Amino acid sequence: MSRHQGNDKSRPGSGRQGGFKKTSNSRGNAPIRKTPSKFSVKPEENKVSKTPKAPKTPSNPDEMRLNKYISNSGMCSRREADIYIQSGNVKVNGEVITEMGHKVKLNDVVVFDGSTITPEKKEYILLNKPKNFSTVGDDEKGDGNVLDLVRGATKAKIQPVGRMDKTTTGLLLFTNDTDMARKFTTPNQRSSKLYQVTLDKNLKYEDLEKIASGITIDEYKIYVEEITYIENEPKSEIGIKMKTANVKIVRKIFEHLNYNVIKLDRVTFAGLTKKNLPRGNWRFLTEQEIINLKNS
């Protein structure tokens, strides 16, 4: 048999030379395997039916979590509020609440550590009041009301602390902190206010001494902390320091001695001054000023 006869096509590669090679699967010669595409649509029967989610229950705008209520009041953070709640220091409508996540209504009475609170953050605004605005009827805006001057400053329901008529100018505090407002309007409050008074005539020295030693008006003895002539000004310009926030009393002191008050300006209020606060402008108190007011 010749050597070429060994190349039997029925047995590829059996001969020494020139045998048939096995078909290569390289360079795209591999058989095509049909695999399902990940983009192919699955048969309907193989789909797993999903239960539709129930719609979320809309939140009640008149309710909120108790810890948020406390936090909004400015008493402490939500995390700290949770600690107070767990320790039994919070009451809702007279009942001690220790349940976490408890919801309250906005008209509920919430007592936090012995004090009744509101869900509003405490705001403190200082105004340098101009003329022709008063606090009379301060529940209604318009007609020369001081609330018109701070409109848009905050959404909180702030009110002026104390009363001022249209002709009185100077510092006026606004807040929604009822404890703070009460503190500065009670007769026995301790903070000082300084007023600059312009009279229709020079104040006699003997009248100045009468005021300094205490003067009786309508059977009430009225004391001042300090009264003095303003340096380098006419004797009709008087500085008077008192604890009262009632400007009517300041007027009565001079009117009782037959002087007419032409101008009355509150220069300082419990340590707050008019520095960098032009007439008719307002500003928020700083954190340190708020602390000072609470401690005054």
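Modeller: Seven bridges join strand β10 to strand β15 (residues 261-269), and the two run antiparallel. Strands here are DSSP runs of E with at least two residues, helices are runs of H or I with at least four, and both are numbered from the N terminus. Two strands pair if DSSP finds at least two bridges between them. The model is predicted: local features need pLDDT of at least 70, side-chain atom pairs count only at pLDDT 80 or more, and totals for chains, interfaces and linings use all residues. Residues are numbered from 1 along each chain as its sequence is written, and side-chain values use heavy atoms, with hydrogens and water left out.

Biologist: Which residue stands opposite L194 in β15, and what is the bridge partner of L194 in β14?

Modeller: Strands of a sheet pair through backbone hydrogen bonds, either parallel or antiparallel. In this model, L194 stands opposite T268 in β15, while its bridge partner in β14 is K241. Six bridges join β10 to β14 (residues 237-242), again antiparallel. Five of the seven residues of β10 (residues 193-199) are buried, where buried means under 20% relative accessible area, exposed over 50%, and partly exposed in between (1.4 Å probe, protein chains only).

Biologist: What is the order of the strands in the open sheet of four?

Modeller: The order is β3-β2-β5-β6, with antiparallel pairing. Its edge strands are β3 (95-96) and β6 (115-117), each of which pairs on one side only. Two bridges join β2 (residues 90-92) to β3, and V92 stands opposite E95.

Biologist: With which residues is D207 in contact, leaving aside its neighbours within four places in sequence?

Modeller: They are L257 and Y259, contact meaning heavy atoms within 4.5 Å. D207 is buried, with a relative accessible area of 9%. The side chains of D207 and Y259 make a polar contact (2.6 Å). A polar contact is a pair of N or O atoms within 3.5 Å; within protein, one must be able to donate a hydrogen and the other to accept it, and residues adjacent in sequence count only if both atoms are side-chain atoms.

Biologist: How many aromatic pairs does a search of the whole structure find?

Modeller: A pair of aromatic rings is described by the distance of the centres and the angle of the planes. The search finds three pairs. In one of them, the rings of Y84 and F112 have centres 4.6 Å apart and planes at 50°, so the pair is tilted. Rings of Phe, Tyr and Trp (its six-membered ring) pair if their centres lie within 6.5 Å; planes under 30 degrees apart count as stacked, over 60 as edge-to-face and the rest as tilted. Y84 lies in helix α2 (residues 78-86) and F112 in strand β5 (residues 110-112), so the pair ties together parts that are 28 residues apart in sequence.
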